[in-house]
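Some notes on this model follow, point by point. Please read them with the structure open.

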Amino acid sequence: MNHAETMGARLRALRRAKGLVQAAAAEAIGISRNHLTEIENGKDPGFQTFCALADFYQVSMDYLYRGVPSPNTSAQTLDNAEEAAWLGIWRDMNEKQRRMALALIRAAIDTDAA
């Protein structure tokens with residue numbers, strides 16, 4: 001795990017992994033885009049916003065703040081913000097979407113291996 005990575009960098013990676021621009025993420029969280037920009041650049045979000053961010057991205061507050069995976073999640077699964085974002089996206093999918101995503105990933109891997 002990259003302990004030098006900042007909370008702002010983790011938030012930015014989580015947002016990008018969800019394919020969101022700042023305005024969309026900020027609206028979903030209930031803050032202004034300018035405030036989200038400040039947070040991604042290192043400003044303390046305040047406790048309520050911090051909790052809302054962790055809930056929105058489906059990561060633990062410990063992961064968000066310190067980059068430490070939650071105890072009930074293996075360290076390998078949440079090795080970095082991108083992997084945490086993938087897990088969040090996976091959890092947002094229904095079963096049909098998960099099967100389609102896996103088929104696309106397997107096809108991409110098979111294409112690269114050929």
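1. The model is a predicted one, so the angle is that of a prediction.

2. Helix H2 spans residues 22-29, and its buried residues are Gln22, Ala25, Ala26 and Ile29. Viewed down the axis of H2, these buried residues fall within an arc of 100°, so they line one face of the helix. The cover over them includes helix H1 (7-17), helix H3 (33-40) and helix H4 (47-57).

3. The largest nonpolar core contains 18 residues. Leu11, Leu14, Leu53, Tyr57, Val59 and Leu64 have the most contacts inside it. At least two residues of this core come from each of H1, H2, H3, H4, helix H5 (61-66) and H6. H4 gives the largest share, four residues.

4. Val59 is one of the core residues with the most contacts. With neighbours within four places in sequence left aside, Val59 is in contact with Leu14, Ala54, Leu64 and Ala84.

5. The largest pocket has a volume of about 160 Å³. Its lining consists of Trp86, Leu87, Ile89, Trp90, Met93, Ala101, Leu102, Leu104 and Ile105. Helix H6 (81-92) and helix H7 (95-113) each supply at least two of the lining residues.

Definitions and conventions. Residues are numbered from 1 along each chain as its sequence is written. This is a predicted model: local features need pLDDT of at least 70, side-chain atom pairs count only at pLDDT 80 or more; totals for chains, interfaces and linings use all residues. Side-chain values use heavy atoms; hydrogens and water are left out. On a 1 Å grid over the protein atoms alone, a cavity is a set of points where a 1.4 Å probe fits but cannot get out, and a pocket is an open set with protein on both sides within 12 Å along at least five of seven lines; lining residues have an atom within 4 Å of a point. Grid points are joined across faces, edges and corners, and a volume is the space filled by probe spheres set on the points. Buried means under 20% relative accessible area, exposed over 50%, partly exposed in between (1.4 Å probe, protein chains only). The arc is that of the directions from the helix axis to the C-beta atoms. Contact means heavy atoms within 4.5 Å. A nonpolar core is a set of buried Ala, Val, Leu, Ile, Met, Phe, Trp, Tyr and Cys residues joined through side-chain atoms within 4.5 Å.
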